Structures are given as C-alpha cells and as structure tokens.
Amino acid sequence: MDDPKTLVSTDWLAAHLSDPDLRIIDASWHMPATGRDARAEYDAGHIPAARFFDIDAISDKRSALPHMAPPPEMFISRLRAMGVGDGHQVVIYDNSDVRSAFRVWWTFRLMGKTDVAVLDGGLPKWRAEGRPLEDMPPVMRDRHITVQRQAGLVRDVTQVAAASKLGDPQIVDARSPERFRGDQPEPRAGLRAGHIPGSRNLPFGRLFNADGTMIAPDAIRAAFAEAGIDLSKPVITTCGSGVTAAVLSFALERAGHRDHSLYDGSWTEWGSFADLNIATGDA
C-alpha cells in the first residue's frame, strides 16, 4: 500500500510526477571501497526534477565520525537551497547497495518532517520499468523550511552503553552476520571486529524482496521476532556508520512500531574505543 509518509510505489510516483508540490531527492551513497561516484551517476541520469542529497556533505562537520546527522541550521540551509521546504511532499530514492535513501528519510524525520516517503525499489526498479530519466539539473527556487528536531529518534554512545548493560532498550544491528560475529574484518581501518554486547542481528538485506522492494509489514514483524526483538519494547538500531541502521528504523515504522531510535555513531564509533566492551559470535 502506498503511504506518502513512509513508502510509495513507482506507479504512485509516476502518477504524481507533475504535482507542483512534489519534490524528489536522489540520496544515493556508496561505500568508498566500491569506487562509485554517486554524484556522477546522478548527473548521468536521474528521475525527472530530482535533487541530489549529498549524505557526506550534509552532515555534522564538528564530528570526526562519518556523515553524522547535520545540525538543524545546516539542514535548513541546504534544503532551502535545493528548493525543498514546507508544504512539499518529498519522495526519496537511491541506486545504492546500502539503501541510503532510508538514511535520508530518517534525517528528515529527525528534523520533524513527516511528509516524506521512500520510493519502493528505488532507481533500479524505476529504470527496469522503462520510466523516464533525465540528465539536466532541476530549476531550484529557494523555499522556506521549518524544522523541529526530534531528539528521541537518535542515541549517543553513552545512551547505547547503558542500554547494552541494562538490556533496555533492545539493540538491533543491521550489519552482515559475518561482521556481527566478528568473523570478517571491518571495512573501515582501525576498528575492532564484533558487536555491541547484548545486541541482536538483523541484516538489512533480509527486509527486501528479490526485486528490491520492501517486504510486507507482517513479514517485517516476523523478521524482527526471528532476530529476537520484542516489538512491544523500545528498540535502538545500529550498523557500521548509521546508514543501514536507518533501514531497520524505517522498517519498524512501516510495521507500526513507533518506539525506535538510531545510534548515529554506530560501530564506527563503538569499535574504535578500546574501553567499550565488544562481543563476538552469535547473539
């Protein structure tokens, strides 16, 4: 089912493509090791009128950690310049293996913006269906935007350490089983291998169908239950650097579980501190 506050289909977007208050955002982001250039790919071809959201550029430059959530004033400045503001319905898509559109959806939600959805199946599905693309940048006119940061949607290392010790809230990790167990080295140099003690593992890829669309809400709930997560209790999501954790946060929202937050520093932060305990093996 199409829901302009969470997930919309390619059919829905195609039917609304000419709506004057629709704003489309390409939120593609790639791990450095892939060698892919998200901006160059956007320039070569994107959904008509889409703006490009640079996850690394629109982030907290005061932090040494990668792409931490931007301060509200930066978000306001960058979105105004992109012509995205109050009264707009936003649809976000990506062409990324790590489903980066969900990170930008979460960022909008963090800023109190709720009229925002992810395109189900992203650019690969849109392209496979032969739908239109263009290589021209859109005309962007400054648009006023107001934000109200939702502090409850994000957690810092101190809060996560307390949750790890007490078992409340529950912590769920979106990384691969190999990285979660500590069997595979981390892609970022200098990080220990393993997971936050007490956390559970739900690799984000398990939440998608073969065509890249998200599984149904009932299947989402079943996947979290299989991972050992009780959806009657609060949940903190985590991953490598806060990108795929947003897939889990989005899935929780889609499944009707509202009491969730995201550990923005994720394993890039936790795995770098020698005084923080780590666990290896299965949960």
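Reader: How many salt bridges does the structure hold?
Author: The structure holds 17 salt bridges. Keep in mind that this is a predicted model.

Reader: Start with Asp-115. Which residue does Asp-115 form a salt bridge with?
Author: Lys-5. The closest N and O atoms of the pair are 2.8 Å apart.

Reader: Where do Asp-115 and Lys-5 lie?
Author: Asp-115 is in the loop between helix 4 (101-110) and strand 5 (116-119). Lys-5 is in the segment before strand 1 (7-8). So the pair ties together parts that are 110 residues apart in sequence.

Reader: Asp-115 first: what is the relative accessibility there?
Author: 38%, so Asp-115 counts as partly exposed. Lys-5 has 36% and also counts as partly exposed.

Reader: Now Arg-39. Which side chain meets Arg-39 in a salt bridge?
Author: That of Asp-43, at 3.1 Å, N to O.

Reader: Which helix do Asp-43 and Arg-39 lie in?
Author: Both are in helix 2, residues 38-44. They sit 4 residues apart, about one turn of the helix.

Reader: And how accessible are they? What is the figure for Asp-43?
Author: Asp-43 has a relative accessible area of 38%, which makes it partly exposed. Arg-39 comes out at 41% and is partly exposed as well.

Reader: Next, Arg-175 and Asp-173. How many Å, N to O, in their salt bridge?
Author: 2.9 Å.

Reader: Is Arg-175 buried or exposed?
Author: Arg-175 counts as buried, because its relative accessibility is 3% and the cut-off for buried is under 20%. Asp-173 is buried too, with a relative accessible area of 1%.

Reader: Networks next. Which residues are linked in a network of salt bridges?
Author: One such network links Asp-11, Lys-125, Glu-129 and Arg-131.

Reader: Change of topic. How many cavities of 30 Å³ or more does a search of the whole structure find?
Author: The search finds 1.

Reader: What volume does the largest cavity have?
Author: About 50 Å³.

Methods
Residues numbered from 1 in each chain as written. Predicted model: local features only at pLDDT ≥ 70, side-chain atom pairs only at ≥ 80, totals over all residues. Heavy atoms only, no water. 1 Å grid on protein atoms, 1.4 Å probe; cavity = no way out; pocket = protein on both sides within 12 Å on 5 of 7 lines; lining within 4 Å. Points joined across faces, edges and corners; volume = space filled by probe spheres on them. Salt bridge = Lys/Arg side-chain N within 4 Å of Asp/Glu carboxyl O. Helix = DSSP H or I, 4+ residues; strand = E, 2+ residues; numbered from the N terminus. Buried < 20%, exposed > 50% of the residue type's maximum accessible area, 1.4 Å probe, protein only.
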